[in-house]
Amino acid sequence: MTVKINENYLLLQNSYLFAEIARRVDEYQKENPEKEIIRMGIGDVTKPLVPSVVKAFTSAVQEMSDSATFKGYGPEQGYSFLAEKIIENDFKPLGVDISLDEVFISDGAKCDTANIQEIFDLDNTVAVTDPVYTVYVDTNVMAGRTGAMNDKDMYEGLVYLPCTAENGFIPELPKENVDLIYLCLPNNPTGTTLTKEELKSFVDYAKENKSIILFDAAYEKFINETDVPHSIYEIEGAKEVAIEFRSFSKTAGFTGTRCAYTIVPKELKGYDSKGNSQSLNELWNRRQTTKFNGVSYPVQVAAAATYSKEGKKEIQEYIDYYMENAKIIRTKLREIGLSVYGGVNSPYIWVKLPEGIDSWSFFDILLKEANVVGTPGAGFGPSGEGYLRLTAFNTLDNTKKAMERISKLNFN
């Protein structure tokens, strides 16, 4: 007998996008060790944990050193003290009613947006916006929910909803019935958003077609405009058709600390092969209690501190810092004649490339001639070709330096 592999992995094209970027950058750096490279590709933060979080984190670690206050296994769904703060601060101000057993605390929205598919049958049809955060696509390929990639750089079996400058980066509703719809708003990678009315059309579609929306709201804290919803549950009826994912990574600097949460409403139903409705909340709870042992106690205490009065103030200062970087990027690139999108309600800036340059070629030009790293738009899907994503997560000095370098390039 021989051990057989999951051949769905063989359908994946090339390597994971950010692994390929890292490979190219590392190769260039080894050949040019004297070059100072400014990384504006991967969406990792540069600001450290804020003082309020560090204080709470340190205190919780000290608790773990005393047998009287030590914590072993915690609830797989997360501690109620954090869930209560999430509800009180993230949803009540929006007029959204969430109960404790609808909050599932985890180690990352990336993990949850991938793992959530386990509670859905492989025969479900999945729709994704194009361009799209690659995890949504690749993990469905790994699971066996798609076919191979065709000559249009699309996986057979996936439904793509193009988001381009021509349609204002507003995806059209699926022209066919789909079961699962991934939406990321504010969007990664384009940095663009939908208004409440535009998002309502997706909720209405889902209700009419008994679809489920997988709504990634990891960047909602960066929203500045008033008609942009922070939660899909601001739309009437959304709790019947949507699961929402949120994260402390980009807002509170938890990219290395790892804490996020997912809302699975109790109103949300799926259907078995006999047509009987089943609670998705109960299924996700079963999945988590079987496969996940919860986020560590000190990390959850640290996350709870982000909701303190001082924690909110400190974190808002960080968000303002990053959004000032975004403004600098948008302004400078427009000054040199490039079309840019995003960067208003999001830390991502989506750059339209000069005619005749594909996104990986532009990536190489930036790396080798300006020593700046971006993310090629083609890595996010076929509609991403001709674009490049830059992040506002670097330091202010590096952001200014990178824009000066790029402004000296000749694209003609």
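Let me start with one residue. Lys196 is partly exposed, with a relative accessible area of 31%. For the terms: buried is under 20% relative accessible area, exposed is over 50%, and partly exposed is in between, using a 1.4 Å probe and protein chains only.

Before I go on, the model. This is a predicted model, where local features need pLDDT of at least 70 and side-chain atom pairs count only at pLDDT 80 or more, while totals for chains, interfaces and linings use all residues. Residues are numbered from 1 along each chain as its sequence is written, and side-chain values use heavy atoms, with hydrogens and water left out.

Back to Lys196. Which residue does its side chain meet in a salt bridge? Its partner is Glu234, at 3.2 Å from N to O. The pair links distant parts of the chain: Lys196 sits in helix 6 (residues 196-209), Glu234 in the loop between strand 6 and strand 7, and 38 residues separate them. Glu234 is also partly exposed, at 22% relative accessible area. Two terms here. A salt bridge is a side-chain nitrogen of Lys or Arg within 4 Å of a carboxyl oxygen of Asp or Glu. Helices (H or I, at least four residues) and strands (E, at least two) are DSSP runs, numbered from the N terminus.

Now the whole chain. Its secondary structure comes to twelve helices and 15 strands. The radius of gyration is 22 Å, close to the 22 Å from the globule rule for 412 residues, so the chain is as compact as a globular protein of that length. That radius is taken over C-alpha atoms, and the rule is 2.2 Å times the number of residues to the power 0.38. Along the principal axes, the C-alpha atoms fill a box of roughly 60 × 55 × 50 Å. Of the 412 residues, 53% count as buried. Contact means heavy atoms within 4.5 Å. Among contacts with a separation of 6 or more, 74% come from residues 24 or more positions apart.

How many does the rule count? The total comes to 25. Take Glu102 and Lys239, whose side chains meet at 3.5 Å, N to O. This pair links distant parts of the chain, 137 residues apart: Glu102 is in the loop between helix 3 (80-91) and strand 2 (103-106), Lys239 in the loop between strand 6 (212-216) and strand 7 (242-247). Buried or exposed? Glu102 is buried, and so is Lys239.

Arg23 and Glu27 form a salt bridge at 3.5 Å, N to O. Both lie in helix 1, four residues apart, about one turn of the helix. An α-helix has 3.6 residues a turn, so residues three or four places apart point the same way. Arg23 is partly exposed at 42%. Glu27 is partly exposed at 44%.

On to helix 11. Its buried residues are Ser359, Phe362, Phe363, Leu366, Leu367 and Ala370. They cover an arc of only 135° around the axis, which puts them on the same side of helix 11. The arc is that of the directions from the helix axis to the C-beta atoms. On the other side, Lys368 and Glu369 are exposed. What do the buried residues pack against? Helix 1 (17-31), strand 13 (372-373), strand 14 (375-376), strand 15 (387-391) and helix 12 (396-407).

Now its ends. Asp358 caps the N-terminal end: a side-chain oxygen lies 3.2 Å from the backbone nitrogen of Trp360. After the helix comes Asn371, with a positive phi near 55°.

Gln300 lies in helix 9 (residues 297-305). Gln300 is buried, at 1% relative accessible area. Not counting residues up to four places away in sequence, Gln300 touches Gly78, Tyr79, Phe81, Leu82, Ile105 and Val295.

Gly144 is in the loop between helix 5 (134-143) and strand 4 (158-162). Gly144 counts as partly exposed, at 26%. Leaving aside neighbours within four places in sequence, Gly144 is in contact with Asn8 and Leu122. The C-alpha atoms of Gly144 and Leu11 are separated by 9.3 Å, with the two residues 133 apart along the chain.

How values were computed: A polar contact is a pair of N or O atoms within 3.5 Å; within protein, one must be able to donate a hydrogen and the other to accept it, and residues adjacent in sequence count only if both atoms are side-chain atoms.
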